[in-house]
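Have the sequence and the 3D view at hand as you read.

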Amino acid sequence: MSKYYVRSGSLQVVISAIDERDAVIKAVTYASENDRLCKKLFTADHFQVNERGFDSMDSRDYMIHTEEVILDILGWDDEE
């Protein structure tokens, strides 16, 4: 597993995961279990992920829309 830096709005989480998408799901799960971080969930329209750190985030990083993250967590498939 690799260390990923996940940012969405004011939410910033460092987490170990298999890949970027897994990192986002784990970061959301972690934040949802923490009262202080939970307030920061879903305040932006996307999540940005990299392995380099928050200070080095740019347009080349993995990005996923918040709506897609919510659908993943709920287990909903776009094709259904």
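**Starting from one tyrosine**

Tyr62 sits in strand β4, where strands are DSSP runs of E with at least two residues, helices are runs of H or I with at least four, and both are numbered from the N terminus. This is a predicted model, in which local features need pLDDT of at least 70 and side-chain atom pairs count only at pLDDT 80 or more, while totals for chains, interfaces and linings use all residues. Residues are numbered from 1 along each chain as its sequence is written, and side-chain values use heavy atoms, with hydrogens and water left out.

With a relative accessibility of 26%, Tyr62 counts as partly exposed; that class falls between buried, under 20% relative accessible area, and exposed, over 50%, using a 1.4 Å probe and protein chains only. What does Tyr62 touch, leaving aside its neighbours within four places in sequence? Its contacts (heavy atoms within 4.5 Å) are Glu20, Arg21, Phe47, Gln48 and Val49.

Now let's turn to the aromatic rings. The structure holds two aromatic pairs, where rings of Phe, Tyr and Trp (its six-membered ring) pair if their centres lie within 6.5 Å, and planes under 30 degrees apart count as stacked, over 60 as edge-to-face and the rest as tilted. One of them joins Tyr5 and Phe54 edge-to-face, at 5.2 Å centre to centre and 85° between the planes. Because Tyr5 belongs to strand β1 (residues 2-8) and Phe54 to the loop between β3 (46-50) and β4 (62-65), this pair ties together parts that are 49 residues apart in sequence. Both Tyr5 and Phe54 are buried.

Phe42 and Phe47 have ring centres 6.4 Å apart and planes at 75°, so this pair is edge-to-face. Phe42 is partly exposed, with a relative accessible area of 35%, whereas Phe47 is buried at 0%.

Stepping back, the protein has three helices and four strands, which run β-β-α-α-β-β-α from the N terminus on. Of its 80 residues, 35% count as buried. Among contacts between residues at least 6 apart in sequence, 45% join residues at least 24 apart. The C-alpha atoms fill a box of roughly 35 × 30 × 25 Å along the principal axes.
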